[in-house]
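Here's a quick briefing to read alongside the structure. Have the viewer open and follow the topics in order.

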Amino acid sequence: MDKNYLDIIRSSKPAQFGILLIVFLLLYNLVPHNEGNYFWRLPSLLAFIPIKLNEIIYAALYEWFPLKVYDPIFEMYEEKAAFREFTKSISKGLLFLITFVRELLLGGDKIIDIFVSDTWLKENDWMSWPALPWTAATVGAFLLGYQLGGFRLALLGGIGSLYVSIFGNWVPSIQTLSFVLITTPICFALGLSFGIWGYLDKKVETALQPVLNVMQTMPQFAYLVPIIALFGLGDHAGSIATIVIATPPMIRNTILGLKRISPEVVEAGLMSGCTKRQLLFKVLIPTARRDILNGVNTVIMQCLAMVVIASFVGAKGLGLNLKVALNSLKIGKAAEAGFCIVLIAVILDRFTKAWANKQVDYFENLTFFERYKLLIIFGISILIFSVVAFIANGYFDKINYLYVIPIEKGLTFAHYIDAAVDWVWDTFFYSLNSFNKFLLTQVLGPMKKAYLGMPVAATLTLTMGIAYIIGGIRTCLLVGGMMLFIAMSKYWDRALITMYMATFAVIMASLNGIIVGSIFAQTQRGSKFILSVCDFFETFPSFVYLIPVIFLFNITDTSVLIAAIVYATVPATRYTVWGLNSVPLSLHEAGTMSGVSRMQRWTNIEIPLAFPTIMLGVNQTVVFTLQMVILGALIGTEDLGQLIFGALSRAQDGPGVAITLGLFVSLMAISVDVIVRKWAEERKKALGLD
Amino acid sequence: MSPTISCSSVYKIFGNNAHSLLSESGGNVDAKKFQEAGCIVGVNDASFEVNKGEMLVVMGLSGSGKSTLLRCISRLTDATSGKILIDGEDICLMNSKQLIELRREKMGMVFQNFALLPHKTVLENIAFPLQVKGVTTENSIHKALEMVELVGLKGRENYFPRELSGGQQQRVGIARSLAVEPDIWFLDEPFSALDPLIRKEMQDEFLRLQSVLNKTIMFVTHDFDEALRLADRIAIMKDGIIEQLDKPDNIVLNPATDYVRKFTEDVPREKVLKIESIMDPADPNASGEFAIKKDDIVETVAEKILNSKEIIKVVDEKNTVVGSINPSKVIKVLFGG
């Protein structure tokens, strides 16, 4: 008799989930809320971790491996830690490169200053690199667009550049662009090298995977404080933060692309008599080119997504302007800067994609002039516009509009947006406010309370139980270990708040995505349309989503959650469409011949078969949501993000705290990832989709 | 003259302790025992030779080790043990530099799924082996244009592989493998991924090319009809072992094992057998009306023989009488019994 029940439980997952739920509810209600009770909250045994981390960072910076370094000012040798000298030289190098590109386009004498003495420079006032007039740059963007993708891209580049210039965003845009131009190649080189290394050596790949997982799920904020500690403030620090964040997807894309090459192609290369080097550079990398260039595209998008966050560590440009505008609640100004970032993102996105698909024509027999026609036109236009601008120096007494239109003199549409926001406020204040209130008091408030009232024993039982039922004992221990790690810190309550926000946003975003995706995936044209909409929204840097919501819902959890939901709906939709489109035609036909209605087709055929793919989308949703929830700290929430954000201003123990907290968020994301991936795999196997 | 390719006791065993297991077994490999020990036997004691200008077709079903054998001989994988001589040199002992040299000068290979470089045009793909060798762009493109003409792709030089049909892609694959003018030509199921009609067309094309080029060829296929059509000799493989290696008509007439018989059973004999293999010794009573050649395929001359109702002389290329053929033998081939 007993055995019989056991068998039923063993074979039925719903029964197991049922029992788990009962145990969870019992624990939830029976464990007393009492600080001394270990079932309620675990002691913070791991509280030393951030402190230790901090000690390590500072020891590395100031104590380990001392070197004798000559100090030219005091004319003596000084003991300095090797690591610090190392980070210093990286900072210097990066800063030089960024400044170099910046001055090349904007003019100035900082670079010249490096090569000549200060006094000489002061005496020779004329010695300054001239700025590139925005007129010439616009022509350049137009020609580059034309070269890459014909007239349409030319218009996009030209008009985009014209807009940026006459709306007075030329200088910050170039600052941002120079940042991207330096950071992207570094990410590319690093990503490609590690990717190739991982492809060639299985052990390296195995070692890289968990590191990449953590790097990609860490909130961007968490990197900032350690980076300040190691590299100081400035454009280079922003660049380094971006490199840390944008390199992992490049590595992944490279490995993925190389692995997708059919073994026959490799053999064909070998049989053609390739040396190892030729095989790598002439066969492997070019064959994986599409994936690798997709990686470059992701890197550029990440760079632009990072500009605001990078401004926290001293990067100049549009990101800084946006941050300042947001801080002083100037929605119009913030929207303008945000629009510029999106515009640059879209232009770079289209340009790199066009470049990726560009082909070489072997039969064109062109003269030198024909071949370099566009370059020559560009050169001439630089010359003409520079001369005109130089001559115009005499006409304008203060600002030479032919070089650059400063931000306060440029056209602006900020006041229209401000007016629109005011109008929305005036008209919808009560409805918005009551919706906000309703959500906060009726839904979010109780949910938050429920999460915070959860005894740690109940939480661990629930998460480990789910992991066990879906993935078995190994998954259970892995997830349990990660959760325990967080539970034994002193930040468990904050983590619970993060979890509550993430849960809410993930559920809403997934529902949105599945519904929207399902509706559009009914027709081929609909799928195509919605996927391109997703593409478009994905070029938006994450914080851009925050701008409108703050002004509709003020600084509350609602704003952050709505931004997170909108942001995370994109991957949920995309994967739903992919999943539904991958249902084989024969099954549709079989369904039709069995006489299913549209609804029956959706519930009985499409959704079950698309589910594994949809779950991978939900997985993405979790990562996106967590990023946005943490980013929400920017406008003030009270979860882990707020603490990470707070660590920015704590020089003493900031780095350790930030890394630890970032790691917590990352562990949460990875826990979900482990379970969902396992489950999707199993469903796929059960459906025979692999 | 020594054979172009010569293999003796070639083994390929996949798995971690392949070497130790093989040396323990002393060359007597039992696939089942090896599988229990975690090793998979790819090629089991293969010994054969291919002479200059000869076409050896290796036939076997999937998993029979035919492609593995081909990859051992091109050293895309290293044989676990055995000797593989190419023009008298053991390629298993070559270092990577010698191997690259060998592939650049002497070998060409065609792949089942074409294995074209997706980022290169037809012309660039064909010129690729020349370019890695260091031939200038101008010369290599010039040579590639010749090859394009040879395989009948003129006018499509600038297409990308994705813009071509399967048959056209394989023509590019063939042109690429021939660009360096190799002596030895490996073809790994080159026509298996193609539609039946295109396959037939490509086989004809292949025979035409071979009649012009006269390469030493190893051709791998799972299609017995294709093997019969093309081969000078056929090696039939099963579970890594070469079950039988002989001329097509001999295989059909005298299948060495039951496994081989399964393939030959349904083959219409008249399409395979040559007069030579069913003729009797020279008969003085043979009719003097006409003679047939010993290399004629039975099907092509059957009507002629049956119409004459007499014993007919069989001659060789030099028109010397080498035997005779009785119509009753032809009837037996045609209708069995």
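What follows covers the model itself, then the chain contact, a helix pair, a sheet and a pair of domains.

This is a predicted model, where local features need pLDDT of at least 70, side-chain atom pairs count only at pLDDT 80 or more, and totals for chains, interfaces and linings use all residues. Residues are numbered from 1 along each chain as its sequence is written, while chains are lettered from A and ligands numbered from 1 in the order in which they are written.

**Where the chains touch**
- Chain A puts 19 residues in contact with 22 residues of chain B (contact means C-beta atoms, placed from the backbone, within 7 Å).
- On the chain A side, helix 12 (263–271) and helix 13 (276–287) are the elements that give two or more residues; helices here are DSSP runs of H or I with at least four residues, strands are E runs of at least two, and both are numbered from the N terminus.
- Helix 12 of chain A has the largest share of that side, with 6 residues.
- By class, the chain A side splits into 9 nonpolar, 6 polar and 4 charged residues (Ala, Val, Leu, Ile, Met, Phe, Trp, Tyr, Cys and Pro count as nonpolar, Asp, Glu, Lys and Arg as charged, and the others, Gly among them, as polar).

**A helix pair in chain A**
- Helix 20 (residues 414–452) and helix 23 (residues 492–520) of chain A pack at about 135 degrees, with axes 9 Å apart; the axes are lines fitted to C-alpha atoms over the stretch in contact, and angles run from 0 to 180 degrees between N-to-C directions.
- Helix 20 and helix 23 of chain A are therefore oblique to each other (under 35 degrees is roughly parallel, over 145 roughly antiparallel, 65 to 115 roughly perpendicular, and the rest oblique).
- Residues meeting here include A:Leu444 and A:Tyr451 from helix 20 and A:Ile497 and A:Phe504 from helix 23.
- This helix contact has 9 nonpolar, no polar and 2 charged residues.

**A sheet in chain B**
- In chain B, 4 strands make an open antiparallel sheet in the order 2-1-4-5 (strands pair if DSSP finds at least two bridges between them).
- Strand 2 (40–50) and strand 5 (89–90) of chain B are the edges, each pairing on one side only.
- Strand 4 (residues 81–86) of chain B is joined to strand 5 by 2 bridges, and B:Leu85 stands opposite B:Asp90.

**Domains of chain B**
- The domain assignment, automatic or from a database, gives domain 1 (50–83 + 91–267) and domain 2 (271–335) of chain B.
- Their centres, taken over C-alpha atoms, are 35 Å apart.
- The contact takes 6 residues from domain 1 and 4 residues from domain 2 of chain B.

Terms used: Contact = placed C-beta atoms within 7 Å.
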